[in-house]
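Q: Hi! I'm new to this one, could you walk me through it?

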Amino acid sequence: MDDYQQAVDYLLSLQKFGIKFGLNRTENVLARLGDPQNQYRCIHVAGTNGKGSTAAVLASILRRHGHRVGLYTSPHLVRFTERFQVDGKEVEPEKIFSAFEDIRRVLDPREPPTFFEAVTAMAFHYFAQEHVEWAVVETGMGGRLDATNTIRPEAAVITNVSFDHQEYLGRTLSAIAREKAGIIKPGVPVVTAARQPVVQSVIKATCLRNDSPLYRLGTHFRVRRNGNGSFGYYGLRFHWSHIKTPLKGDHQFVNAGLALAALEVIERSGALILNPVAVEEGLSQVRWPARMETLEERPLVILDGAHNPPGAECLRSALLHNFTYDKLHLVLGIMGDKDIRGIFRRLLPLAETAIFTKPRYGRAADPELLRRLARPYIQKMYAVPDPAAAIGQAKALAGPDDLICITGSLYFAGEVKEIYGEPQAFPGCVFG
């Protein structure tokens, strides 16, 4: 326990270095470990929204094909160890912190890594120790200078590009797109659902420079929503007119379609042989928490990590088309550096009431500020700083056939899952 806590404290101390883009520090650490990221095949997933869900679908389908699969995602909701999965199971703290000790032994004190750089090296090293055959790797924030960009994948997936993290990625859509497109490597095929002309132009130009085949949603593969909760996928070789995923929301059909297209592209290279039955089984068994996750029934309580306007738009669509209820009650905890009005415009007009709260996170917006900003969009609203009390207030207001939607941030979603009994691995294991 003491060794574990020391490791936790050390990793937390790396947060003082903040966010530093660049690959040299990560590359140097990995080189001293024997470049573990080269010991298995990888799929790299970038984008503004949907990359975690897409990565989860990829990992689930690969597992159903009998492969040993590592999944690396961020951020975690409750436990730090959620970031690392092998064959669908969260890593035991003892194993991942054993990998951490290996990392610490090779660090150069003259170039200390950031928190994310150290954690990424831990993931790649741990996957090699576990002898995974495939690793599905989600970028942290950008792409080009993201610590995960030290892999050479079998395929690169760019889910979409919209405004988020502008202080790091750039103030224009084209600048953000260039950062995301930085995961494109020479000869590696690219799959994307990006729609905006300026974003498509950046991705196309990057693919041309790298001689990388490009496959676009709506051109090379298509997804169609069916009326019965299923969707159709029409791809490069496979066509399904009615397949299902337990992930709720029409946007999840797009994420699943991206995953299917990426796997088809990889199959073309000979690195994988797809089995239609295993594909459908993997798709039906995917799990990804805090994405329209049901927490309670009567009244129905759902949790969603929508944290920016595009995420709020997906949530809005799902609330309109995928749920049946009398009245909607929103519980919102939002980070202060987000486009709060953009989120409000999409969600608040749907709701009977809105309850604003404050997650225990330094960047969280003050509930009274949220209430002032919300005045143009809704009349019945409350500021309840304590999240558990805010949820209790929503339940007191809701009838049995109403819907309570808790949303605003993945950090907030993690805190809510704790309120609902999700255990931490050990006391004190809290990371941003």
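A: Happy to! This is a predicted model, where local features need pLDDT of at least 70, side-chain atom pairs count only at pLDDT 80 or more, and totals for chains, interfaces and linings use all residues. Residues are numbered from 1 along each chain as its sequence is written, and side-chain values use heavy atoms, with hydrogens and water left out.

Q: Is strand 1 mostly covered or uncovered?

A: Mostly covered: five of the six residues in strand 1 (41-46) are buried. Buried means under 20% relative accessible area with a 1.4 Å probe, protein chains only. Strands here are DSSP E runs of at least two residues, and helices are H or I runs of at least four, numbered from the N terminus.

Q: Which residue in strand 5 is the bridge partner of C42?

A: That is A135. Strand 1 and strand 5 (residues 134-138) run parallel and are joined by five bridges. Strand 1 also pairs with strand 6 (residues 155-158), again parallel, over four bridges, and there H44 has A156 as its bridge partner. Pairing takes at least two DSSP bridges between two strands.

Q: New topic: what about helix 4, how many residues does it have?

A: Helix 4 (residues 93-106) has 14 residues and reaches 20 Å from its first C-alpha to its last, close to the 20 Å expected at 1.5 Å a residue. The expected span is 1.5 Å times one less than the number of residues.

Q: And which residues of helix 4 are buried?

A: Among them are P93, F97, F100 and V106.

Definitions and conventions:
Buried < 20%, exposed > 50% of the residue type's maximum accessible area, 1.4 Å probe, protein only.
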